[in-house]
Amino acid sequence: MSKKDKTLKDILDFILYENPSTQDEIAEKLGITRRYVTQLLQPLIKDGTVKRAYMIDLKSYERITLSLSDYEIPGDTSGDILLNEALINMAGHVHSQLEESFNAVLEFDEEKAKRALEMDYATNNMVEKIRTSVETIVSINKHSEFSKSMLYNEVAYDLERIGDYCGHIAKFVINDVYEIDENILKKLKKMYKTTQKMIRLSMKSFIEGKTELKNDLMELEDSIHILQAKAINLIATQMAENSFDEKERSNYFIYLFRVIKAFERMGDISVEIMDVSIEFHDNIPRPTTPRAFR
């Protein structure tokens, strides 16, 4: 998406959610000039997409959003495009949050760790935006399938949980005084890459309806569990070689276990998103047995 297209999308989102009264208000909120706001909005005001003072036609919003999306959103999901776009933005943000968190570990950079934790505020706000979007869709489209619309909230909540686990990874750098052993770090790098792939596959399934991706996802889940076991074995060996008289060293192992567990839980949540996707697109109810007991 070009910078111009993203700015237009930001303007339309602000109109949809905040109901501004003037273009000056839009410009001030987004940190751009009023002239640029006018330039981008003028064609949409002329064709009736945006009505003065300031309201947006939902159908036109969906058409524009579909043309700007990075995902292949199915064309027959009228009423869901608004929600899909909000989820796409949130998923992209969570990917960046995970990347920033893990880069903080790789570089043992406390400033990056703090930035990653700050990103979680935006993640939490995005959940509220999606909830608002669901309410908007249901109120505008009285024929929308309420139960399906509510599944968007569940996916948003799952992404928020992934964001929380990103925080566990970032906190390792802030709480600890030791860098991670290179052999363990190699396993963590593989867990990180696998987790990013799992999040991407689960969201692609939900947004694009590609539920056949579940087999690929489950193979990745097996991989992450194998990597987890190997990492834990390496840590156990290090623990056996170290004295626990040092409190700091004991904390190091505790925080390191949390990092490994965070990757494993993000993988599990990705599978939960896939289960929601299958219920949404294929009308197959999710299993009622908790994943730990399946």
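Trainee: Is E107 buried, partly exposed or exposed?

Mentor: This is a predicted model, and the answer rests on a computed accessibility. Buried means under 20% relative accessible area and exposed means over 50%. E107 has 47% relative accessibility, so by those cut-offs E107 counts as partly exposed.

Trainee: How many residues apart are E110 and K114 in helix α6?

Mentor: The side chains of E110 and K114 meet in a salt bridge of 3.7 Å, N to O. An α-helix has 3.6 residues a turn, so residues three or four places apart point the same way. Both E110 and K114 lie in helix α6, and their separation is about one turn of the helix, or four residues.

Trainee: Which residues make up the salt-bridge network that includes R286?

Mentor: R286 forms a salt bridge with E279, and the closest N and O atoms are 2.6 Å apart. R286 is partly exposed at 27%, and E279 is partly exposed at 22%. Salt bridges that share partners join one network, made up of E154, E279 and R286.

Trainee: How many salt bridges does the structure hold?

Mentor: The pairs K112 with E107 and E110 with K114 are among them. For the structure, the count is 14.

Trainee: Which element gives the most residues to the largest nonpolar core?

Mentor: This core has 66 residues, and L87, L188 and F263 touch the most other members. The elements that give two or more residues to it are α5, α6, α7, α8, α9 and α10. The one that gives the most, with 16 residues, is α10.

Trainee: Is N153 buried or exposed, and what does N153 touch?

Mentor: N153 lies in helix α7, residues 146-175. Its relative accessible area is 15%, and buried means under 20%, so N153 is buried. Not counting residues up to four places away in sequence, N153 touches I130, R131 and V134.

Trainee: What distance does helix α9 reach from its first C-alpha to its last?

Mentor: Helix α9 covers residues 214-241, which is 28 residues. At 1.5 Å a residue, 40 Å is expected. Its buried residues include L217, L220 and I224.

Trainee: Which element of the chain has the lowest mean pLDDT?

Mentor: The chain averages a pLDDT of 84, and 81% of the residues score at least 70. Over residues 75-79, pLDDT stays under 50. Among the elements, α8 has the highest mean, 94. The lowest mean, 61, belongs to helix α4.

Trainee: What percentage of the chain is made up of buried residues?

Mentor: The secondary structure of the chain comes to ten helices and two strands. The chain has 294 residues, and the buried share is 48%.

Technical notes. Residues numbered from 1 in each chain as written. Predicted model: local features only at pLDDT ≥ 70, side-chain atom pairs only at ≥ 80, totals over all residues. Heavy atoms only, no water. Expected span 1.5 Å × (residues − 1). Buried < 20%, exposed > 50% of the residue type's maximum accessible area, 1.4 Å probe, protein only. Contact = heavy atoms within 4.5 Å. Core = buried A, V, L, I, M, F, W, Y, C linked by side-chain atoms within 4.5 Å. pLDDT = per-residue confidence, 0-100. Salt bridge = Lys/Arg side-chain N within 4 Å of Asp/Glu carboxyl O.
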